[in-house]
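Here is a short report on one protein chain.

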Amino acid sequence: MIAQPVRYGPEVETIRPDEGETVQGLKDAFDTILERTAEDYGHAVRSVHAKAHGILEGELVVDAHLPPELAQGLFARPGTHRVLMRMSTNAGDILPDAISLPRGLALKVFDVPGERLPGSEGAAQDFVMVNGPVFQAKTADKFLGNLKMLAATTDRAEGAKKVVSSVLRGVTSALGAVGIESPALNSLGGAPNVEPLGETYYSTTPFRYGAHIAKFSLRPVAPAMTALAGETIDVDGRDDAIREEVRREMADMDAEWEFRVQLCRDLDRQPVEDPTVEWDEAEAPFQRVGIVRAKAQDSWDAARVQAVNEEMRFSIWTGIADHRPLGNINRARREPYRHSADFRARFNGCPYHEPS
């Protein structure tokens with residue numbers, strides 16, 4: 001029998017005494033990445049998920065007749081919202097696709113009513129996801145250690161990175177054959193070069209879900225997308241192979257994803273403060289609350305790429321109080337990610353634009 005969902009309250013979070021120090025360390029690591037890439041490119045890019053593979057416009061349709069525990073926040077009322085989507089990989093430099101990394105998908109939902117999170121401009125709700133169910137680090141200080149390592153190699157020795165990535169893909173493939181997945185190895189270049197449109201994406205970290213607590217997920221349901229699940233892209237001699245494949249596929253594909261929420265039902269079994277713990281779906285099932293649709297389109301339309309890739313930012317802290325990010329990792333992402341966006345806007349002389 002599935003337990004009742006846990007009620008949200010401030011007591012579900014445990015503030016660590018070193019969080020301020022860790023936040024400053026993250027800002028410093030981001031600065032290393034940002035300054036090095038801006039110097040090399042003559043243009044500032046994102047400190048994480050710098051390389052985009054596709055920009056899509058579509059809609060989120062919130063399901064009608066949701067039960068009370070699912071009819072929360074953005075999903076409290078049925079309706080249709082315009083959305084923008086950005087598909088990416090997680091490095092802070094723009095690498096050839098032979099260096100294979102986890103996929104990301106950021107979703108910006110327009111015209112979302114409700115009390116805003118502090119410092120959250122506009123009227124959009126952002127969801128930022130990756131194609132794996134858990135975060136790569138248990139705590140923000142561990143995340144900082146990983147980021148420092150990435151910062152030290154940003155925009156350096158691409159040839160060596162290609163070799164390392166090839167070796168790590170072999171290691172992760174061998175581990176996968178015996179049922180082991182390593183987010184850490186994936187983040188270092190061991191991720192398989194999968195089709196972004198066939199992947200399921202996860203928030204990995206928990207959020208307030210109105211009166212409850214949840215993780216989020218986008219799962220492809222269009223037959224043309226499910227056929228791509230597990231397929232890999234041939235990147236040999238093609239630095240932008242992923243972008244090219246997504247553009248070819250989206251030219252005549254109507255994409256659809258289920259938007260799902262996974263309600264926390266036991267704080268010990270589904271912890272708020274440790275995002276490396278996968279919430280067992282047998283105990284806390286994902287449940288559909290809406291559908292995201294993107295009709296066939298040019299996924300690398302120049303005007304949309306300019307508007308989204310250059311003039312917008314995506315942040316888990318852009319949104320409403322009913323979807324407040326929870327846990328140490330999420331708290332530590334707030335200031336550094338804003339710091340990164342501010343650097344990009346300042347260096348490029350292009351303020352970011354939040355839809356109102």
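A residue counts as buried when its relative accessible area is under 20%, as exposed when that area is over 50%, and as partly exposed in between. With that cut-off, D126 is buried because its relative accessibility is 2%. The model is predicted.

## Salt bridges

Side chains of opposite charge can pair when their charged atoms come close. In this model the count comes to 27 salt bridges. Three of them are set out below.

| Salt bridge | Closest N and O atoms |
|---|---|
| R16 and D18 | 3.4 Å |
| D126 and K108 | 2.9 Å |

Start with D126 and K108, whose closest N and O atoms are 2.9 Å apart. This pair links distant parts of the chain. D126 belongs to strand 4 (residues 125-130), and K108 belongs to strand 3 (residues 103-109). The two residues are 18 residues apart. Are they buried or exposed? D126 is buried at 2% relative accessibility. K108 is buried too, at 0%. K108 has another neighbour: it lies over the face of F314, at 5.0 Å from the ring centre.

E258 is buried, with a relative accessibility of 14%. R219 is partly exposed, because its relative accessible area is 32%.

R16 and D18 make the remaining pair in the table, at 3.4 Å. R16 is partly exposed, with a relative accessible area of 31%. D18 is also partly exposed, at 24%.

Salt bridges also link several residues into a network: R238, E244, E245, R248 and E249.

## Around R333

Where does R333 sit? R333 is part of helix 8 (residues 328-348). It counts as buried, because its relative accessibility is 9%. Leaving aside residues up to four places away in sequence, R333 touches T205, I316 and W317. Its side chain makes a polar contact of 2.9 Å with the side chain of N330. The charged end of R333 sits over the ring of Y337, 5.7 Å from the ring centre. L26 lies 307 residues from R333 in sequence, but the two C-alpha atoms are 8.4 Å apart in space.

## Aromatic rings

A pair of aromatic rings is described by the distance of the centres and the angle of the planes. How many aromatic pairs does the model hold? The count comes to 11. One of them is F75 with F259, a tilted pair. Their centres are 5.0 Å apart, and the angle between the planes is 40°. This pair links distant parts of the chain, 184 residues apart. F75 is in the loop between strand 1 (52-62) and strand 2 (79-89), while F259 is in strand 8. F75 is buried, with a relative accessible area of 1%. F259 is buried as well, at 0% relative accessibility.

Y202 and F286 form a tilted pair, because their centres are 5.9 Å apart and their planes stand at 55°. This pair also links distant parts of the chain. Y202 is in strand 5 (residues 201-202), F286 is in strand 9 (residues 286-294), and they are 84 residues apart. Y202 is buried at 17% relative accessibility. F286 is buried at 15%.

Rings also gather in a cluster. F75, F127, F207, Y209, F216 and F259 form one aromatic cluster.

## Strand 7 and its partners

Strand 7 is mostly covered, with 8 of its 9 residues buried. Which strands pair with it?

Strand 6 (residues 207-209) runs antiparallel to strand 7, joined by 3 bridges. Y209 stands opposite H212 in strand 7. Strands 6 and 7 form a hairpin with 2 residues between the strands, and there G210 takes a positive phi near 60°.

Strand 8 also pairs with strand 7 in the antiparallel sense, over 7 bridges. F216 has V261 of strand 8 as its bridge partner.

Terms used. Residues are numbered from 1 along each chain as its sequence is written. This is a predicted model: local features need pLDDT of at least 70, side-chain atom pairs count only at pLDDT 80 or more; totals for chains, interfaces and linings use all residues. Side-chain values use heavy atoms; hydrogens and water are left out. A salt bridge is a side-chain nitrogen of Lys or Arg within 4 Å of a carboxyl oxygen of Asp or Glu. Buried means under 20% relative accessible area, exposed over 50%, partly exposed in between (1.4 Å probe, protein chains only). Helices (H or I, at least four residues) and strands (E, at least two) are DSSP runs, numbered from the N terminus. Contact means heavy atoms within 4.5 Å. A polar contact is a pair of N or O atoms within 3.5 Å; within protein, one must be able to donate a hydrogen and the other to accept it, and residues adjacent in sequence count only if both atoms are side-chain atoms. Rings of Phe, Tyr and Trp (its six-membered ring) pair if their centres lie within 6.5 Å; planes under 30 degrees apart count as stacked, over 60 as edge-to-face and the rest as tilted. A charge sits over a ring if NZ of Lys or CZ of Arg is within 6 Å of the ring centre and within 35 degrees of the ring normal. Two strands pair if DSSP finds at least two bridges between them.
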